[in-house]
Amino acid sequence: MIAALMLVGALALQDESAAAWAKRNQLGHGLLENCAATGRKLRDDEPDLLTKMIGTRGCSEYISGAVDALHATGRLCTPDEVTLGQEIAVVLKYLEGHPELLHRPRFDLVQSALLAHWACRPKKK
């Protein structure tokens, strides 16, 4: 009986920890943590940045999805030659430069970083 109660208590703590992790992961703090390893790899001299991101796919996948969403809305206009590695570098630099914003939702921060660099310009009439 005591063992069963201890197991239930441990599971409750685990659920609480998982919930706290999930909440943090949805914010800028979590995105910065997830992308930090990618950023270190991006700063190396190896030219093939995308290859270097293996093992840090959570960061690259999230930013890639955000880029797709922003392109679909017509708000983000990256030049064809911009790589995913460059987009990640821009986001990482923004996160590191704005620690006061890391409590905000991660999509808001990714959007702010990317639109600061590649927002679509209104077409002249």
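## Disulfides and helices

User: How far apart are the sulfur atoms of the disulfide that C35 and C59 form?

Analyst: This is a predicted model, in which local features need pLDDT of at least 70 and side-chain atom pairs count only at pLDDT 80 or more, while totals for chains, interfaces and linings use all residues. Residues are numbered from 1 along each chain as its sequence is written, and side-chain values use heavy atoms, leaving out hydrogens and water. A disulfide is taken as a pair of cysteine sulfur atoms within 2.5 Å. C35 and C59 form such a pair, and the distance between their sulfur atoms is 2.1 Å.

User: Which helices hold C35 and C59?

Analyst: Helices are DSSP runs of H or I with at least four residues, strands are runs of E with at least two, and both are numbered from the N terminus. The link of C35 and C59 is right-handed, with 100 degrees about the S-S bond. The pair joins distant parts of the chain, 24 residues apart. C35 belongs to helix 2 (residues 28–42) and C59 to helix 4 (residues 57–72).

User: Where do C77 and C120 sit, the pair that forms a disulfide?

Analyst: Their sulfur atoms are 1.8 Å apart, and the link is right-handed with 95 degrees about the S-S bond. The pair links distant parts of the chain, 43 residues apart: C77 is in the loop between helix 4 and helix 5, and C120 is in the segment after helix 6.

User: How accessible is C120, as a percentage?

Analyst: Both ends of this link fall in the middle class. C77 is partly exposed at 42% relative accessibility. C120 is partly exposed too, and its value is 22%.

User: What is the pairing when the bonded cysteines are numbered in sequence order?

Analyst: A disulfide is a covalent bond between the sulfur atoms of two cysteines. The protein has two disulfides. In sequence order, the pairing of the bonded cysteines is 1-2, 3-4.

User: Which residues of helix 5 are buried?

Analyst: Helix 5 (residues 84–97) has 14 residues and reaches 20 Å from its first C-alpha to its last. That is close to the 20 Å expected at 1.5 Å a residue, where the expected span is 1.5 Å times one less than the number of residues. Its buried residues are G85, E87, I88, V90, V91, L92, Y94 and L95.

User: Which residues is L114 in contact with, leaving aside its neighbours within four places in sequence?

Analyst: L114 is in helix 6 (residues 106–118), and L114 is buried with a relative accessible area of 0%. Its C-alpha is separated by 6.9 Å from that of V90, 24 residues apart along the chain. Contact means heavy atoms within 4.5 Å. On that basis the partners of L114 are V67, L70, L76, E87, V91 and A119.

Terms used: Buried means under 20% relative accessible area, exposed over 50%, partly exposed in between (1.4 Å probe, protein chains only).
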